[in-house]
Amino acid sequence: MFSPDSMASRRTRFLNRLYARLSQRRKSLTGFVSQPEPRTIGSFARGRQLVAGNLLFAGYLVESKESGLWEVKAPNAAFDAERHGFAWLDDLAAVGDFAAREKAQKWLWGWIKVHGDGRGPGWTPELAGRRLIRWINHALFLLRGMEPAQSDAFFLSLAQQTWFLSKRWPAATPGLPRFEALTGLIYSGLALEGSEELADPAVRALALDCQTQIDEQGGLPTRNPEELLEVFTLLTWASAALHEAGRGSPPEHSAAIARITPTLRTLRHADGGLARFHGGGRGLEGRLDHALAASPVKPLHSEGLAMGYARLSAHRTSVVIDASPPPSGTASFNAHASTLAFELTSGRRPLIVNCGSGETFGVDWRRAGRATPSHSTLCLDGYSSARLADPIKGTAYEALVDAPKHVPIEMSEAPDGIRFQGGHDGYAAVFGLTHARTLELTLDGRGMVGEDMLLALEDDAKRKFNKAMDATVLAGIGFDIRLHLHPDVDAAVDLGGAAVSMALKSGEIWVFRHDGQFKLSLEPSVYLEKNRLKPRATKQIVLSGRAMEYATRIRWSLSKAQDTAVAIRDLNRDEPEFD
């Protein structure tokens with residue numbers, strides 16, 4: 001969060017190094033209280049790549065076919081964090097053959113040799129917690145065939161890292177890093193002989209964080225769906241470890257799991273992936289379904305908003321809408337200007353998406369991914385609905401400023417579906433305009449009608465709009481409604497530029513239409529995924545026009561090909577205006 005030169009950061013790093021060195025005084029443990037069972041899920045494909053020596057961490061690919069993992073020079077801090085966190089053990093364990101185990105053993109005991117004495121960037125609370133969970137989860141996989149001296153080194157390192165974590169977990173940033181640190185301490189404290197007393201403070205601290213960090217909607221301050229999944233997974237792991245130890249979870253811990261479960265179900269698309277908002281991706285394959293299956297909470301969706309998101313769903317079509325202001329304060333450093341943006345998935349195929357997080361592709365991609373034009377919503381005159389702050393000395397990331405402050409929403413039943421209505425004032429300060437959006441999904445899930453309005457409602461807003469109009473010499477204020485398509489969608493403009501047809505790999509054909517008063521085009525776009533080396537090329541539907549009056553209305557529809565007649569009818573139907 002802070003720059004390398006900040007005093008708080010320097011003090012934190014100093015104390016981490018100090019306690020890492022002091023951990024070397026700890027004596028070894030004799031073994032586990034009980035045989036640990038792996039709960040983490042890895043990727044077989046990524047595991048095979050690791051066995052082949054292809055290291056893909058934080059968007060960087062480094063080939064290391066002969067040398068060990070720790071001899072490789074890290075291209076950036078994120079690469080270092082991923083390898084020191086040992087989540088790659090999940091991938092090697094997913095392969096599970098002799099070559100994968102040999103690679104895992106070589107890299108793990110290589111870490112003990114190079115960094116086990118308290119040196120290196122891996123000695124932070126969150127990375128230590130993440131690492132301990134993996135070491136314990138895959139202990140049987142790792143220890144098979146090892147000599148007694150190697151086993152002793154393994155358990156000695158576990159004891160040292162557990163003690164370090166017991167001293168340094170309060171230094172972890174509240175949120176996912178703190179949850180990782182506390183869960184790792186609970187995990188190791190309960191699993192390792194003679195360490196249970198170290199777990200007790202972590203159990204109490206985790207219960208407190210469940211109260212303060214998980215809100216009533218079952219969400220996090222960052223509003224990052226993938227981060228919420230990671231926190232939920234950690235909480236279920238900690239709960240399982242406590243129950244297996246015969247202790248049970250504190251009420252606050254269980255209540256947090258109960259709040260998060262329906263929220264994740266709301267954020268889950270029809271294809272099983274998460275909605276991609278505020279820096280989050282779709283989640284690791286199978287992680288969401290596995291985590292929800294492990295939850296004792298009944299399979300229900302949240303009523304109303306879930307972590308600030310609204311959901312429309314019918315049959316096998318799901319729509320997730322960002323229906324709240326972006327995160328504020330320190331939680332905004334990875335936030336996106338995506339208010340009223342939506343994603344739509346049909347069956348197992350995503351159709352409308354957001355570009356996603358560009359953090360692993362560098363600073364420029366990161367800034368681009370956070371801007372409003374990278375989301376499926378209306379963008380006014382090239383502006384974002386929430387601007388990035390100017391670079392601030394002492395911060396590694398930029399916060400969002402001038403974000404929407406008022407985002408009224410309403411969910412209601414429509415004559416033949418379910419309706420979402422929302423608005424935000426992100427453009428009011430500059431242009432005097434409020435963006436209002438209505439989305440109506442049919443009961444059969446085969447079509448959606450959308451309406452975007454730009455409104456100058458109050459006298460002050462009208463004066464700002466008039467001033468903006470004067471600046472354009474009364475040429476109007478330009479706007480674009482952007483709908484970004486998934487890379488697997490094959491799209492083409494047809495019918496003389498009046499519609500866009502979209503073919504999914506499932507064989508479905510969807511059609512986008514509008515009321516004919518605006519310019520329709522199909523333009524290049526990108527799909528940003530964390531585990532790829534570069535952005536994937538895709539396309540976006542762009543509906544452009546100019547706001548000339550105090551009220552501008554744009555009607556459009558998405559429908560399966562056989563339902564285009566219904567879509568045309570809906571476009572011509574009088575609907576209640578946004579209130």
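Cys210 is buried, at 0% relative accessibility; buried denotes under 20% relative accessible area, exposed over 50%, and partly exposed the range in between (1.4 Å probe, protein chains only). Cys355 takes part in no disulfide, and the nearest cysteine sulfur, that of Cys379, is 12 Å away. Cys355 is likewise buried, with a relative accessible area of 3%. The structure as a whole holds zero disulfides, a disulfide being a pair of cysteine sulfur atoms within 2.5 Å.

## Basis of the model

The model is predicted: local features need pLDDT of at least 70 and side-chain atom pairs count only at pLDDT 80 or more, while totals for chains, interfaces and linings use all residues. Residues are numbered from 1 along each chain as its sequence is written, and side-chain values use heavy atoms, with hydrogens and water left out.

## Overall form

The protein chain has 17 helices and 20 strands; helices (H or I, at least four residues) and strands (E, at least two) are DSSP runs numbered from the N terminus. The radius of gyration of the protein chain is 26 Å, close to the 25 Å that the globule rule gives for 579 residues, so the chain is as compact as a globular protein of that length. This radius is taken over C-alpha atoms, and the rule is 2.2 Å times the number of residues to the power 0.38. Along the principal axes, the C-alpha atoms fill a box of roughly 80 × 50 × 50 Å.

Of the 579 residues, 57% count as buried. Among contacts (heavy atoms within 4.5 Å) between residues at least 6 apart in sequence, 68% join residues at least 24 apart.

## Nonpolar cores

A nonpolar core is a set of buried Ala, Val, Leu, Ile, Met, Phe, Trp, Tyr and Cys residues joined through side-chain atoms within 4.5 Å. The largest such core has 86 residues, of which Trp88 and Phe154 touch the most other members. Helix α11 (residues 225–244) gives the most to this core, with ten residues.

Apart from its neighbours within four places in sequence, Phe154 is in contact with residues including Phe32, Leu108, Trp109 and Trp135. A second, separate core of 47 residues includes Leu312, Phe420, Phe465 and Leu483.

## Salt bridges

The structure holds 25 salt bridges, each a side-chain nitrogen of Lys or Arg within 4 Å of a carboxyl oxygen of Asp or Glu. In one of them, Glu180 pairs with Arg130, the closest N and O atoms being 2.8 Å apart. Glu180 lies in helix α9 (residues 176–191) and Arg130 in helix α6 (residues 125–137), so the pair ties together parts that are 50 residues apart in sequence. Glu180 is buried, with a relative accessible area of 11%.

Arg437 and Asp452 also meet in a salt bridge (2.8 Å, N to O). This pair links strand β12 (residues 434–442), which holds Arg437, to strand β13 (residues 447–455), which holds Asp452, across 15 residues. Both Arg437 and Asp452 are buried. A further salt bridge joins Glu451 and Arg555 (3.7 Å, N to O). Because Glu451 lies in strand β13 and Arg555 in strand β20 (residues 551–560), the pair ties together parts that are 104 residues apart in sequence. Glu451 is buried at 2% relative accessibility, and Arg555 is buried with a relative accessible area of 5%. Elsewhere, salt bridges that share partners join Asp488, Lys505, Glu529, Arg532 and Arg536 into one network.
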